[in-house]
Amino acid sequence: MICDKINGHTKVIGIIGSPITHTFSPIIHNSISKSIGLNAVYVPFNVDEENLESAVKGAYSLNIEGLNVTMPHKKNIIDKLHSLDNMAEKIGAVNTIKYTQKGYIGYNTDYIGINNAFLNNGVYLENKNVVIIGAGGGAYSATINAAQSGAKKIYVVNRTMKNSYNVAQQANKYYNVDIETVELNEINSIKEPNIVVQTTSVGFSHLSNQSPVKDCTFWWNVETVMDIIYNPSETKLLKDAKKEGVKCINGFEMLVFQAIASYEIWFDVKVKEVNKILMSLRDYYES
Ligand code: ATR
């Protein structure tokens, strides 16, 4: 337990979101602090939407060094910050904030997490048709990552078309990439879907027995799917895709890679031995 090491110099970092009880992030960050010998503690804070502004102000007054930001605050937090770094601006969503004398600065490390998780599995998006399911905060990161990785075409598939237009519009502001929006019910109309990134909350919490993809023939042409959900470790969507022979990646590696990138931003350090950290966390995650 790290509690007995807390003293007047301890830096406080954490995560805000709602719900938050499922989070694995404290295990990751506290084990990074332990492995590099930094006096810091990472705690989860359940923050409802109506309390986001006061939570950010309160965290700043308490000198909280940095926070991860998760569902449902990744977009709404933007106007409560002092400024955004370049990639967070491009993505239009924030999952990391860092304390500065002027106020909190917003970053996005989700796209780094998605990118590194694909690379770590030998999956390359260049010249591929990439299907992003969802149009919330995670979808913005997945779409920008696909655009930046040289995808041939990106399909943003969502229940609410207005939200998928917004994702496409955001990506087209910065990247000259072919993007089409598709209604979730029409997902099977996509020709040659090579790589899929699932970013909705379907498969998680009270929706854990559901998949956003109802007709499993969709999986017949897919090579790889990443579901950014890590709890449960195998969502219904991944189970269905696996049955059809699709290479499946759950949200665990993305989570660890985005966490490492956030940690490096907060403390201006380079986390070494990433594979060792990943392996020991995987043992814990799978146990
Ligand atoms: P985050 O910012 O963390 O990605 P979010 O903004 O709450 O989370 O995004 C949730 C995503 O899950 C959205 O794409 C949402 O679809 P809508 O834009 O239509 O709301 C999707 N989602 C949530 N519940 C869903 C459901 N029951 N069926 C299909 N999509 C759902």
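Helices here (H or I, at least four residues) and strands (E, at least two) are DSSP runs, numbered from the N terminus. Before going on, note that this is a predicted model, in which local features need pLDDT of at least 70 and side-chain atom pairs count only at pLDDT 80 or more, while totals for chains, interfaces and linings use all residues. Residues are numbered from 1 along each chain as its sequence is written, and side-chain values use heavy atoms, with hydrogens and water left out.

Step back now into helix 4 itself, residues 110-120. Its buried residues are Asp110, Tyr111, Gly113, Ile114, Ala117 and Phe118; buried means under 20% relative accessible area, exposed over 50%, and partly exposed in between (1.4 Å probe, protein chains only). Seen down the axis of helix 4, these residues fall within an arc of 160 degrees, so they line one face of the helix. The arc is that of the directions from the helix axis to the C-beta atoms. The buried residues of helix 4 pack against helix 3 (86-91), helix 5 (137-148), strand 10 (195-198), strand 11 (224-227), strand 12 (247-249) and helix 8, where contact means heavy atoms within 4.5 Å.

Leaving aside residues up to four places away in sequence, Phe118 touches Val123, Leu125, Asn145, Ile195, Val197, Thr224, Met226 and Ile249. Phe118 is also among the residues with the most contacts inside the largest nonpolar core, along with Phe24, Ile28, Val130 and Ile154. That core has 56 residues, and helix 8 (residues 252-267) gives the most to it, with 10 residues. Apart from it lies another core, of 18 residues, among them Val157, Leu184, Leu237 and Ala241. A nonpolar core is a set of buried Ala, Val, Leu, Ile, Met, Phe, Trp, Tyr and Cys residues joined through side-chain atoms within 4.5 Å.

Two strands pair if DSSP finds at least two bridges between them. Strand 7 (residues 129-133) and strand 8 (residues 153-158), for example, pair in the parallel sense over five bridges, and Ile133 stands opposite Val157 in strand 8.

Another open sheet of six strands has the order 2-1-3-5-6-4, with mixed pairing. Its edge strands are strand 2 (40-46) and strand 4 (83-84). Within this sheet, strand 1 (residues 11-17) and strand 3 (residues 66-69) pair in the parallel sense over four bridges, with Ile16 opposite Val69 in strand 3.

Our last stop is helix 6, residues 161-174. Its buried residues are Ser164, Val167, Ala168, Gln170 and Ala171. They cover an arc of only 155 degrees around the axis, which puts them on the same side of helix 6. What covers them includes helix 3, helix 5, strand 8 and strand 9. The face turned away from that buried side carries the exposed residues Lys162, Gln169 and Lys173.

Definitions and conventions:
Expected span 1.5 Å × (residues − 1).
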